[in-house]
Amino acid sequence: MKIAVLVSVGRHPISGTARYSRNDAAALTIALSLAKTHGATLDVLHAGDPSNPALKEYLALGARTVEVLEMAATLDGQTDVTAPLATRLRGYDLVFTGTRAEGAFDSGMLPYRVASALEMPLVGAAVDLTLRDGCAEIRQFMPKGLRRRVEVRLPALIAVHPMANAAPSYAYARLREGTIRPVVATMVRSPDAGGSAPGGPDNLAWTIRPASAKPVRFAAAEKRSGHARMLSATTTESRGGSVVIEGSSVEKAQVILAYLREHQLVDY
């Protein structure tokens, strides 16, 4: 049996530093357990930049070698990694991926596109998996705490849910022993990217910037008793306040500032 795991580069939610993807780490942990139990061969693949330091962390998580299909680091949406990955993955019995990458704007369509190119079934949101008689029995994550068991005949592609029953084990010694192996991949232009010429308005490079915080809505602290709040839920009553129509913009701003100070929403 041959098992492959597709891994991506994650991003720390606070610092933005490149790191391993936690979702892909869960997929790798499940694949390592299956490979050890069934004596299967395991390959870990990544399409991207082999010099990315985050890839070495997958070595610490148990991968002996990470094979990297070298792809240009472009952000114009024209580089299609599906075809090189599908070519490399032909002949595998099981392919594991995470549900999606951690780049905030990633679509999560890669597992579906790879499965379509390989003409194999896909099972998403997997939390655990067992193999028997050429089939895989998968327990899927569903909303509101529900779980569902499905069975699929191999070969198949499994997208692992972030809440999978897997506890990755990090060891620095494995990071030092493992290797990153670059492989030259053929660049493929996405057929659905449009036929505009390079440099046209449809091919302008995207820009990436940190997400801005959403504005916080001020709310005055509730000073009424619990009984009074329960009564207000069943009756219509005036909550006070004032409507300022007349006056200059400065006078209106002073009324708003006085309200904020009264309810301690500002400290100046």
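Leaving aside residues up to four places away in sequence, L42 touches I3, V5, L28, A31, L32 and A35, where contact means heavy atoms within 4.5 Å. This is a predicted model in which local features need pLDDT of at least 70, side-chain atom pairs count only at pLDDT 80 or more, and totals for chains, interfaces and linings use all residues. Residues are numbered from 1 along each chain as its sequence is written, and side-chain values use heavy atoms, with hydrogens and water left out.

Strands (E, at least two residues) and helices (H or I, at least four) are DSSP runs, numbered from the N terminus. L42 has a relative accessible area of 23%, so it counts as partly exposed, the range between buried (under 20%) and exposed (over 50%), using a 1.4 Å probe and protein chains only. M1 sits 41 residues from L42 in sequence, and their C-alpha atoms are 8.8 Å apart.

| Item | Value |
|---|---|
| Helix α3 | residues 82-89 |
| Helix α4 | residues 110-118 |
| Angle, α3 to α4 | about 55 degrees |
| Axis distance, α3 to α4 | 9 Å |

In α3, T82, L85, A86 and L89 meet L110, R113, V114, A117 and L118 of α4.

On confidence, pLDDT (the predictor's score for each residue, from 0 to 100) averages 84 over the chain, and 85% of the residues score at least 70. Over residues 190-203 the pLDDT is below 50, and this stretch has 14 contacts in the model beyond near neighbours in sequence.

Methods
Axes fitted to C-alpha atoms, helices over the stretch in contact; angles between N-to-C directions.
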